[in-house]
Amino acid sequence: MNELKVGPNRPLFVLFGSSIVELSYFFDGWGAALTGVYARKADIFVRGYSGWTSRNALQVLNKVFPQNDKIQPSLVILYFGGNDSTDPDFPDSPNVPIDEYVENMRKIILHIKGLSKNTRVIMLTAPAVNEKQIIEYYGSNLGRTNERGRIYSEAGIKLAQELGLKYIDFWSALQEPSDWMDTVFWDGLHLTKEGSAIVFHKIAKVIKEAEWEPTLDWEKMPDEFDGNQPHGLYHEKMMEGINRMMGIPGSRQVKSE
């Protein structure tokens, strides 16, 4: 990350992954939600590349995360695995064999963790998919199956546990709602507002429970230029509406200080 030209410098968060990251600002996405709750607290950079695999990510890793930069990220939310898990027999499959996927992710994680002593990583595993919906939308399943997603997700979990890494079981999380097949995807692969809400709340929970020092919990982080913001009924009502629309519990709401 090059030195920031707009100050004051805030903690830097990077979302690094494939289309789940690239599209994270669409449809009230999870990236947009994070940017909202970290307003005046952290700057969030999106490095999302549709169609990419862990192999592609490894090839540009030093360009996205240069080791000698003066400013390094405080948090990287890392997601690759969906494209890696594609059936290798599907025409023009982007499949990355599972052993290579694990080793690619290991190298990516260790590189990022080595950027600074305060750089934290949260990994999203390979996700669930809705095969029926994929076929309806694209005309074929694109080589994606929920079973292959499960296998790659479990491999990612095992790696994260081995490295002592914070992670989200993306495959299981998306299937928690009883109506998940009708609500979390718009094409069987990519997230609706409801699907993104799951990701956002899982990330928030991990950050809340991590107790990192310095903290990355938005509820505990100071606001930039605190005290220079007007207080009044209009602003209080505005913040109440934002918290209500985002479904943030009272104890975790974005404050108006």
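The following paragraphs lead the reader through a predicted model of one protein chain, from its overall make-up to selected local features.

Residues are numbered from 1 along each chain as its sequence is written, and side-chain values use heavy atoms, with hydrogens and water left out. Because the model is predicted, local features need pLDDT of at least 70 and side-chain atom pairs count only at pLDDT 80 or more, while totals for chains, interfaces and linings use all residues.

The chain has 10 helices and five strands; these elements are DSSP runs numbered from the N terminus, with helices being H or I runs of at least four residues and strands being E runs of at least two. Of the 257 residues in the chain, 49% are buried. Here buried means under 20% relative accessible area, exposed means over 50%, and partly exposed lies in between, with a 1.4 Å probe and protein chains only. Among the contacts in the chain with a separation of 6 or more, 76% come from residues 24 or more positions apart; a contact means heavy atoms within 4.5 Å.

Two packed helices are described by the angle between their axes and the distance between the axes. Helix α3 (residues 54-64) and helix α4 (residues 98-113) have axes that come within 9 Å and cross at roughly 30°. This makes α3 roughly parallel to α4, since angles under 35 degrees count as roughly parallel, over 145 as roughly antiparallel, 65 to 115 as roughly perpendicular and the rest as oblique. The axes are lines fitted to C-alpha atoms, for helices over the stretch in contact, and the angles run from 0 to 180 degrees between N-to-C directions. The crossing of α3 with α4 is left-handed, a term used if the near helix is turned anticlockwise from the far one by less than a right angle, whereas clockwise gives a right-handed crossing.

On the α3 side of this contact stand S54, R55, A57, L58, L61 and N62, which meet E100, Y101, N104, M105, K107, I108 and H111 in α4. The residues of this contact divide into six nonpolar, four polar and three charged. In this division Ala, Val, Leu, Ile, Met, Phe, Trp, Tyr, Cys and Pro count as nonpolar, Asp, Glu, Lys and Arg as charged, and the others, Gly among them, as polar.

S196 lies in helix α9 (residues 193-210) and counts as buried because its relative accessibility is 3%. Leaving aside residues up to four places away in sequence, S196 touches D28, G29, W30 and L191.

Charged pairs form another topic. Side chains of opposite charge can pair when their charged atoms come close. A search of the whole structure finds 14 salt bridges, each being a side-chain nitrogen of Lys or Arg within 4 Å of a carboxyl oxygen of Asp or Glu. In one of them, the side chains of R10 and E224 meet at 2.8 Å, N to O. This pair links distant parts of the chain, 214 residues apart: R10 is in the segment before β1 (12-17), and E224 is in the loop between α9 and α10 (233-246). R10 is partly exposed, with a relative accessible area of 23%, whereas E224 is buried at 16%.

Helix α6 (residues 146-163) holds both E147 and R150, three residues apart, about one turn of the helix. E147 forms a salt bridge with R150, the closest N and O atoms being 2.4 Å apart. R150 also forms a salt bridge with E154, where the closest N and O atoms are 2.9 Å apart. E154 and R150 are separated by about one helical turn because they are four residues apart in helix α6. Relative accessibility is 41% for E147, 23% for R150 and 45% for E154, so that E147, R150 and E154 each count as partly exposed.

The backbone deserves a final look. Most residues other than glycine have a negative phi, and most peptide bonds are trans. F27, which is not a glycine, has a positive phi of about 55°. F27 is found in the loop between α1 (19-22) and α2 (30-37) and counts as partly exposed at 48% relative accessibility. D92 has a positive phi near 55°; D92 is found in the loop between β3 (75-79) and α4 and is exposed, at 81% relative accessibility. A cis peptide bond, with omega about -5°, joins E213 and P214, and P214 has its place in the loop between α9 and α10.
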